[in-house]
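Hi there,

Here is the structure I promised to pass on to you.

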Amino acid sequence: MDCQQLVNKITSRIHDVYAKHLSYAGRLQIIMASVLKEIDKKCREFLWGAFEEKRKIALVAWDKICMPKKNGGINIKGCSKWNIASVGKLLWQVASKKDILWVKWVNGIYLKSEENIWEHIPPGDCSWYWKKLNSLKTQMVDWYQGDRYKLTPTGAYSVSRSYETMLGTMPRFGEADLVWSKIMIPRQRMIVWLACQNRLLTKERLTRLNIQVDDQTCCLCDAAVIETQSHLFADCQWISGIRNTLSTWLGIPILCQGVHDTIRWIKRRRWKQFQKEIVTTIWGALIYYTWQARNWKIFKEENVNKEFVTVQIQKEVRERLGMLNCSKRARRCQVLIQRLCN
Ligand SMILES: [Zn+2]
């Protein structure tokens, strides 16, 4: 399903059912309540590949997905919260008494001599918009100190800052710059990000989710151990052969540790940022292809050739570096790039 289909699906409901019989205010109410929720739901389903009757497990909670990348999310804007943050700009205009026509009008008609928007109770016969705006105040009051918007140093309203505040306290994900590096291929970034959250559906995780798994052992080696993330990406014999070859090619030994430890190790090296991103890209491709080999074995009963994967990773990395070679950052790592590209 491409994006246009998704948009069509969302908007068809608006066109078909409601359009003809409602006032503007009524239509807006529908957009604010059910459609926004529906859009969020459709986006969630789209992300995890669940369509029509086919349900899929959401690998990561939606609130987490909506967080900025630096906090471990993927920076998708949740429509319901983003909408409140956007509407917040109107309240800010009233609170900071902006010299604009509609604020003057609101002051003349509703607020009158009342100084404080926060204590204002909208009259029963006021417009729907004014009532709605006031009903959202409780969700916005924490953004203010008196009438001053406190989330930006200048006091100017920021939809993004309000939105991030609504998401709540967020632990930092210090390695986000490496996971989302432009050198890495986008589909590989997503798998590495999921692995960093420990959210890939390994047999061990499926069992923990009470989903029946007949054979819990790793299908890529003969070790007869439970398939966990740390086995697949650190200890499994399948990955270690390729890791050794790639380490020799790179001239840097890639750590034989779990996903978290490895990316933290890369982050803490005293290397140039671009070098860290190159090493992460190669290691990330290794994670991606190991996960793919595991899936092909389970779902297609196909064995993936390790030599092929090694050559494929080298080819992809050379192509990505070729695309970025003219950039200033790449020029600082010429020796490494030449080593990999020759
Ligand atoms: Zn194994």
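Below I go through the pocket and then a pair of helices.

Please keep in mind that this is a predicted model.

Let me start with the largest pocket, whose volume is about 590 Å³. Its lining is made up of 19 residues, and those lying nearest the centre are K56, L59, L201, W291 and N295. By class, the lining of this pocket has 14 nonpolar residues, along with two polar and three charged ones.

Where does the lining come from? Four helices each give at least two residues to it: α2 (24-48), α9 (186-196), α10 (203-208) and α14 (273-300). Of these, α14 provides the largest share, with five residues. In terms of domains, domain 1 (3-58) and domain 3 (176-341) each contribute at least three residues to the lining of the largest pocket.

Now for the helix pair. The axes of α4 (residues 79-95) and α5 (residues 101-111) come within 9 Å of each other, crossing at roughly 70°. Angles from 65 to 115 degrees count as roughly perpendicular, so α4 and α5 are roughly perpendicular to each other. On the α4 side, the residues in contact are L90, Q93 and V94, and they meet W102, V103 and L111 of α5. That contact between α4 and α5 has five nonpolar residues and one polar residue, with no charged ones.

Best wishes

How values were computed
Residues numbered from 1 in each chain as written. Predicted model: local features only at pLDDT ≥ 70, side-chain atom pairs only at ≥ 80, totals over all residues. Heavy atoms only, no water. 1 Å grid on protein atoms, 1.4 Å probe; cavity = no way out; pocket = protein on both sides within 12 Å on 5 of 7 lines; lining within 4 Å. Points joined across faces, edges and corners; volume = space filled by probe spheres on them. Nonpolar A, V, L, I, M, F, W, Y, C, P; charged D, E, K, R; others polar. Domains from an automatic or database assignment. Axes fitted to C-alpha atoms, helices over the stretch in contact; angles between N-to-C directions. Parallel < 35°, antiparallel > 145°, perpendicular 65-115°, else oblique. Contact = heavy atoms within 4.5 Å.
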